[in-house]
Amino acid sequence: MGMATHAVFVSCIIGLCVTQSSVGIKFFRSARRHRIGKAHALHAMTFAHSIQPVVTSQGEQGIEYYGHDMRGVELHIVAFPEGENLYVIHVQPTSFEHQGD
């Protein structure tokens with residue numbers, strides 16, 4: 001996992017409200033599989049056009065984000081809250097989703 005970073009966004013879903021500087025954002029190594037930088041993922045989360053509840057493959061209640069990074073690339077991001085942190089476990093361009101990756 002990477003170092004905690006603070007995000008500037010509000011996301012109220014599954015009983016969790018993530019607000020500016022109220023939560024640490026941590027990235028699992030699996031979130032870096034597609035080599036998307038943390039700043040790009042945080043930007044997409046901040047300005048997400050779709051935020052939905054999701055159950056992760058490990059059975060955790062999570063949050064699924066769809067948003068564009070600062071380059072205009074649409075990203076699919078999955079994170080789950082635990083304590084004071086939000087753990088990002090998946091970051092992938094949506095263009096990869098249709099390629100069977």
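The secondary structure consists of two helices and eight strands. Along the sequence, these elements are arranged in the pattern β-β-β-β-α-β-β-β-β-α. Of the contacts in the protein with a separation of 6 or more, 45% are made by residues 24 or more positions apart. Buried residues account for 42% of the 101 residues. The protein exposes about 5600 Å², and carbon and sulfur atoms supply 51% of this area.

The mean pLDDT of the protein is 75, and 69% of the residues reach 70 or more. Among the elements, strand β6 has the highest mean pLDDT, at 91, whereas strand β1 (residues 5–6) has the lowest, at 42. Over residues 1–10 the pLDDT is below 50, although this stretch has 37 contacts in the model beyond near neighbours in sequence. Where pLDDT is low, predicted coordinates should not be read in detail.

The largest nonpolar core of the protein comprises 15 residues. Within this core, the residues with the most contacts are F27, M45, Y65, I77, L86, V88 and V91. Two or more residues each are contributed by β4 (24–27), α1 (38–46), β6 (61–68), β7 (74–82) and β8 (85–93). Helix α1 gives the most to the core, with four residues. Another core, of five residues, lies apart from the largest one, and its members include V54, V78, Y87 and I89.

Strand β6, the element with the highest mean pLDDT, also holds E64. With a relative accessible area of 18%, E64 is classed as buried because this value falls under the 20% cut-off. The side chain of E64 makes a polar contact with the side chain of H76, at 2.8 Å. Leaving aside neighbours within four places in sequence, E64 is in contact with S50, I51, Q52, V54, H76 and I77.

Note on methods:
Residues numbered from 1 in each chain as written. Predicted model: local features only at pLDDT ≥ 70, side-chain atom pairs only at ≥ 80, totals over all residues. Heavy atoms only, no water. Core = buried A, V, L, I, M, F, W, Y, C linked by side-chain atoms within 4.5 Å. Buried < 20%, exposed > 50% of the residue type's maximum accessible area, 1.4 Å probe, protein only. Contact = heavy atoms within 4.5 Å. Areas by Shrake-Rupley, 256 points an atom, 1.4 Å probe, with all protein chains shown as cover. pLDDT = per-residue confidence, 0-100. Polar contact = N/O pair within 3.5 Å; in protein donor to acceptor, adjacent residues only side chain to side chain.
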